[in-house]
Amino acid sequence: MTLPPKPVARPDKVSLWRYLRLFRQDILAAQPARLYHAWMAEFRTPFFRSFLVNDPALLREVLKDNPDAYPKSDRIGAGLRPLLGNSVFLTNGAQWRAQRRIIDPAFEGGRLRDTFPGIVAAGQAGCDRFAAMADDTPRAIDAAASHIAADVIFRTLFSLPIEDETAAEVYHRFQAYQQAQPILNLAAFLPRLRWMPAFFRPGVRGQARAIRRLIADLTQARLDQIAAGIAPDDLATKIMTTADPETGKTFTKGEMVDQVAIFFLAGHETSASALAWALYLLATHPDWQDKVAAEAATFEARFSDLSRLATTRDVFREALRLYPPVPMMVRQASQPTIFRSRRVPAGAQIVLSPWHLHRHDRIWDAPDAFDPARWQDDATKTAQRDGYLPFSAGPRMCSGAGFAMIEGVVLLAQLVGRFRFAPVAGQVPVPAAHLTVRARDGIMLRITPRD
Ligand code: HEM
């Protein structure tokens, strides 16, 4: 059986400048193949020192046992701050903790049930759009997946469909922003040197300002509705009316704009990437597609139906393993320490790579194969515990993880229940890390109605 696509790794030894050039093209292809086997790798250059960590014990130390000693690297912020301000994705320490105290209750188990109708409605609208594309000609599936995921976020956050004028403009401007700002990857790994102020390509700051203005309008409108007692009971209202239990403070309008920007960005790009790859994997594994379709036939869009979608959930988990939407995360050592007998200086970049971990050949059996059945196999329980971080782990874990797992399973069931997906001969997508793991030239599939 052919394996799902994987980028060709670079040769083991390349010059620094070649490395930087590769990095700029694509962070995944810039790495050597040994990272799928090593527990740790050190990168030493004249400008920076970083450690890529695959060792489960070290991952636990950085993410769970001692996270305050490894704050988020401020280099990520260099690329994202014009758009995200001081959003929860970028902050550290007391400010981050206070933000999570307000945000987390909106995503608690009980509340997730309230977001379910918005997810189903977006999936239904997506199916209607797919019906118009289901004529067996090659279609760009990733663009269609982005459209659905953006719709999910607007419906659940602001009770607005993506066709709403402001929502649609935010969505289109975000797409332009991402195309203009792919260099973000490199910025994350390099110190912010004075001669390198232009991480921003022309137009990026202007796009960020325009997006924030639109989000500010939505936030103000919601503040007015809350004051008038007519606000819908959605994620935005929940977050804007929740007070920090320690200080009694709610988010100011400016703080809320920061959070909405990250919910939109973190919440739709990631889910869209996962959905598009899951559909590609099902298109290339028709036996699994039939199993998902059979399960989907039992789905009547009730929250309680979710427990019956076990195979669909395993397919989605396996898609997140092979194509983790967030391929790498960066932390910074706040003090000197020792990792696997190596000295790690203060300020070193610690790179955690779901991409490599999820395909690590000492953790997973058949790491590059698509095998959703592994999720029911007791023999892989250790791998699932030690080698699977699609949503990160510990206190900084993705706030939307529970939400995203419901969303992914529902959308897959709705789409595969109604349509058959098939690959396009000769068009194998090449994974590449942009803001999330996408295909270099898109993912093309043929869609036909399932009868
Ligand atoms: C398949 C979908 C998703 C994946 C794979 C994903 C993955 C991740 C990962 C790996 C992180 C940690 C990043 C880091 O530490 O550098 C993260 C953080 C975050 N995600 Fe998600 N995410 C997804 C969907 C969502 C959704 C739907 C939302 C909100 C509606 C969301 C909101 C956030 C937020 C707010 C953070 C920052 C948390 C913090 O730093 O405290 N994500 N996500």
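1. Strands β8 (419-423) and β11 (residues 444-449) run antiparallel and are joined by 5 bridges. Within this pairing, P423 has L445 of β11 as its bridge partner. Two strands are said to pair if DSSP finds at least two bridges between them. Helices (H or I, at least four residues) and strands (E, at least two) are DSSP runs, numbered from the N terminus. The model is a predicted one, in which local features need pLDDT of at least 70 and side-chain atom pairs count only at pLDDT 80 or more, while totals for chains, interfaces and linings use all residues. Residues are numbered from 1 along each chain as its sequence is written, and side-chain values use heavy atoms, with hydrogens and water left out.

2. The β8-β11 pair belongs to an open sheet of 3 strands, ordered β3-β11-β8 with antiparallel pairing. Its edge strands, each pairing on one side only, are β3 (138-140) and β8. On average, neighbouring strands of this sheet are turned by 50° against each other, direction ignored. Strands of a sheet pair through backbone hydrogen bonds, either parallel or antiparallel.

3. Two helices pack on this sheet. Helix α6 touches β3, β8 and β11, and its direction makes about 45° with that of β3. Helix α11 (residues 253-284) touches β8 and β11, at about 80° to the direction of β8. Contact means heavy atoms within 4.5 Å. Axes are lines fitted to C-alpha atoms, for helices over the stretch in contact, and angles run from 0 to 180 degrees between N-to-C directions.

4. Helix α6 (residues 141-158) also packs with helix α5 (residues 109-131), at an angle of about 150° and with the axes 8 Å apart. The two helices are therefore roughly antiparallel; angles under 35 degrees count as roughly parallel, over 145 as roughly antiparallel, 65 to 115 as roughly perpendicular and the rest as oblique. Residues of α5 in this contact include G118, A122 and R129, which meet a set in α6 including A144, H147 and D151. By class, the contact of α5 with α6 comprises 9 nonpolar, 6 polar and 3 charged residues. Ala, Val, Leu, Ile, Met, Phe, Trp, Tyr, Cys and Pro count as nonpolar, Asp, Glu, Lys and Arg as charged, and the others, Gly among them, as polar.

5. A further partner of α6 is α16, packed at an angle of about 125° with the axes 12 Å apart; the two are therefore oblique to each other. I148, A149, V152, I153 and T156 of α6 make this contact with F403, E407, L411 and L415 of α16. The contact of α6 with α16 has 7 nonpolar, 1 polar and 1 charged residues.

6. The loop between α15 (381-386) and α16 (401-418) holds C398. The SG atom of C398 is the only protein donor of the iron atom of the ligand, at 2.3 Å. Donors are N, O and S atoms within 2.8 Å of the metal (3.2 Å for Na, K and Ca); water is not among the atoms, so sites may look incomplete.

7. A separate open sheet has 4 strands in the order β1-β2-β7-β4, with mixed pairing. Its edge strands are β1 (40-44) and β4 (329-332), and neighbouring strands are turned by 25° against each other on average, direction ignored. β4 pairs with β7 (residues 349-352) in the antiparallel sense over 4 bridges, and M329 stands opposite L352 in β7. Helix α2 (residues 56-65) lies across β1, β2 (49-53), β4 and β7, at about 115° to β7.
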